[in-house]
Amino acid sequence: MSYNVGDPPANESENVLDERDLVLRAQRGDQLAFEKLYERYNDRISRYLIRMIGDDGIGCELTQETFLKAWENLLSLRDPARFANWLYRIATNMAYNYQNHARLIRTIPWEEYTERSESLSISGPERLIEETELMKLVLARVSPTYRPCFILYVIEKLPQRQIADLLGIKLTSVGKYVSRGREEFRQIYYRLTNELQEKEGGKRR
Amino acid sequence: MKSRPPCLEWREKLALRHEDLSPSEQQALDAHVKTCDACASALADYHFFEARLDALPPPSIKPLPRLSPQFFEQHPRRLPQGERATFATPARRIMYQARESRGARLIWRTLSVAAVLALLLAAMLIFRLVSLSNLAAHPGGGTLLNLDQHTGGVMGVAWSPDGKYIATASEDHTVKIWDAQSGSLVCTYTGHSDVVYALAWAPQGNLIASGGGDNTVQIWNALNCSPAPGYVSHSEANIVMSIAWSHNGQTIISGGWDDEVQAWSVSSGKLLWSFPTGVEVVLSVAWSPNDSQVAVGSWDRYVHVLNAQTGQQVYKYTNGQPVNAVSWSPDGKYLAVGGDNNAVEIVNPHTNQVLFTYTEHTGRVTAVAWSPDGQEIASGSEDKTVRVWNPFTSKTLMVYSGQSQGINSLAWSPDGSEIVSGSFDFTAKVWKVTG
């Protein structure tokens with residue numbers, strides 16, 4: 001089964017055929033066809049990677065890397081109808097590899113965040129920025145096992161079957177991973193906000 | 001602020017969108033949420049966080065709307081042999097045609113081979129230099145076996161008591177048994193329907209207990225990977241992350257996501273006692289050498305030491321960080337505790353003293369094991385290394401860095417001469433302990 005995870009097409013079956021054709025042409029070296037595929041998936045993949053990593057700049061860089069890898073290895077894609085699934089798989093691996101190399105979870109500077117947040121403790125636009133950063137930080141700390149499912153279900157609002165197919169996991173695992181991701185997110189959020197409050201309390205004392 | 005977890009049986013339904021549930025499930029969930037404060041609170045939180053995530057501003061940096069003109073020039077792709085191609089630029093066609101001519105093809109091939117050889121030589125030289133510098137600092141052992149037939153991360157490893165076999169549990173839903181001498185695959189156990197996170201070899205005989213994401217602990221025959229007659233699968237309410245078999249072979253302790261550690265009889269499957277651990281995950285359980293106590297390492301940031309007969313807590317230790325791994329010293333005097341603080345602490349649970357803290361890892365410590373003679377500790381980490389060190393001086397004896405992803409698990413061979421380590425890189429590697 002294949003999915004078009006780009007903007008909804010006017011006619012889905014036509015779009016699937018069109019995409020299969022684009023992939024076949026790109027596999028034969030047609031750069032314009034690959035550019036079309038890039039335009040179709042660029043936004044989705046970058047949004048997914050930015051949420052996976054928690055950093056806009058790195059997410060964009062990894063998007064480029066994802067398409068580079070896709071271009072270089074396009075001939076290894078045996079079923080052109082599964083291009084989207086294949087692309088998401090590459091993007092997910094990119095995110096995992098990046099985090100394994102950079103150990104992002106460990107190096108996201110919580111201390112820096114709390115220090116910054118002290119200077120942003122007044123209400124107003126700064127508060128919004130602080131909350132946004134906190135959400136990104138919590139998201140980046142959700143276990144890598146559950147994060148892709150969590151992002152695709154909760155943020156991207158994709159159906160479970162599509163997520164299972166994109167990530168190559170069982171349909172029954174999607175619900176489990178989403179529930180564990182949601183609960184992890186919740187626990188991490190409370191843990192971090194508690195730490196922040198304790199730190200602020202300590203400073204005041 | 002405190003957050004109570006939702007009821008286990010409703011956790012998955014609470015997390016799904018209303019439209020993803022059947023009408024009867026929706027009704028049942030709504031009725032339950034009206035009467036359960038914990039689930040109502042969790043549901044409200046889930047909605048709140050989802051709304052907040054939906055409201056995240058668009059990225060401040062946008063990806064390029066189109067591929068840069070240099071993209072294809074800088075990253076040429078090899079075309080399939082014998083296939084006719086279309087080309088976006090005349091230059092690429094000329095290049096392709098030039099490569100197709102016989103003379104040019106010979107030159108091209110010679111140059112390619114020469115370039116590959118030069119790169120290989122350079123890589124070997126660099127690798128050798130790095131190895132030599134590592135060896136100078138900490139002599140490391142060479143890889144003896146590369147157990148690489150899993151298609152997912154290796155989450156658990158165990159050596160058979162006689163040292164002849166190695167078992168590896170994986171994200172690919174299987175457990176594999178390997179010949180510890182040759183590295184050949186003996187058999188594959190496929191009884192699990194989800195990720196296998198933990199396994200333990202029976203101290204006597206050839207039975208293995210394995211557990212994981214399908215919420216079961218299964219006991220099976222290690223020599224042919226088939227169900228062991230007379231043993232029933234032990235079901236838990238949630239994912240099983242850790243298993244330990246008592247030294248007398250009679251009892252198994254299992255822990256994971258189901259908010260409690262359970263001790264149950266191997267022969268009857270009967271629950272002997274359970275110890276509540278709250279919302280946090282239990283990643284490690286270990287029997288003391290004389291089976292009188294059990295150490296439980298939990299993400300609630302504590303090591304709980306329990307009376308193995310009653311399940312009553314006799315001691316608890318915290319360093320303020322989630323605990324990923326615990327291991328008893330062979331004399332039962334000390335515990336090695338590895339956690340999210342990238343460190344391993346040597347704790348005396350009888351006097352509540354921390355003897356040493358080993359701080360050489362640069363990532364979360366995910367596995368810890370004391371050597372059979374008690375003279376060394378091996379610790380594995382997300383920093384992709386296993387370090388072998390002296391528990392009484394904290395001196396590093398060797399660093400094994402043969403795996404390309406974080407370490408999940410490790411085990412000493414019964415004679416203490418080798419270690420098997422499992423990693424997210426889909427492999428388990430057997431290597432010699434030196435130094």
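Visitor: Which residues in α1(B) meet which residues in α3(B)?

Guide: Start with what a contact is: two residues whose C-beta atoms, placed from the backbone, lie within 7 Å. Here W10(B), L14(B) and A15(B) in α1(B) meet C39(B), A42(B), L43(B) and Y46(B) in α3(B). By class, that contact has 7 nonpolar, no polar and no charged residues. Ala, Val, Leu, Ile, Met, Phe, Trp, Tyr, Cys and Pro count as nonpolar; Asp, Glu, Lys and Arg count as charged; the others, Gly among them, count as polar.

Visitor: What should I know about the model and its numbering?

Guide: This is a predicted model, in which local features need pLDDT of at least 70, side-chain atom pairs count only at pLDDT 80 or more, and totals for chains, interfaces and linings use all residues. Residues are numbered from 1 along each chain as its sequence is written, while chains are lettered from A and ligands numbered from 1 in the order in which they are written.

Visitor: How is the packing of two helices described?

Guide: Two numbers do it: the angle between the axes and the distance between them. Axes are lines fitted to C-alpha atoms, for helices over the stretch in contact, and angles run from 0 to 180 degrees between N-to-C directions. The axes of α1(B) and α3(B) come within 10 Å and cross at roughly 25°.

Visitor: What orientation do α1(B) and α3(B) have to each other?

Guide: Angles under 35 degrees count as roughly parallel, over 145 as roughly antiparallel, 65 to 115 as roughly perpendicular and the rest as oblique. α1(B) and α3(B) are therefore roughly parallel. The crossing of α1(B) past α3(B) is right-handed. That term applies if the near helix is turned clockwise from the far one by less than a right angle; anticlockwise makes it left-handed.

Visitor: At what angle do α2 and α3 of chain A pack?

Guide: Helix α2 (residues 31-53) and helix α3 (residues 56-72) of chain A pack at about 140°, with axes 8 Å apart. That makes α2(A) oblique to α3(A). The residues of this contact divide into 11 nonpolar, 5 polar and 1 charged. Among those of α2(A) are F34(A), Y38(A) and I53(A). Those of α3(A) include D56(A), F67(A) and W71(A).

Visitor: How many helices and strands does each chain have?

Guide: Both are DSSP runs, numbered from the N terminus: helices are H or I of at least four residues, strands are E of at least two. Chain A has 10 helices and 0 strands. Chain B has 6 helices and 29 strands.

Visitor: How many residues of chain B are in contact with chain A?

Guide: 40 residues of chain B are in contact with 43 residues of chain A. On the chain B side, α3(B) gives the most, with 7 residues. By class, that side has 21 nonpolar, 7 polar and 12 charged residues.
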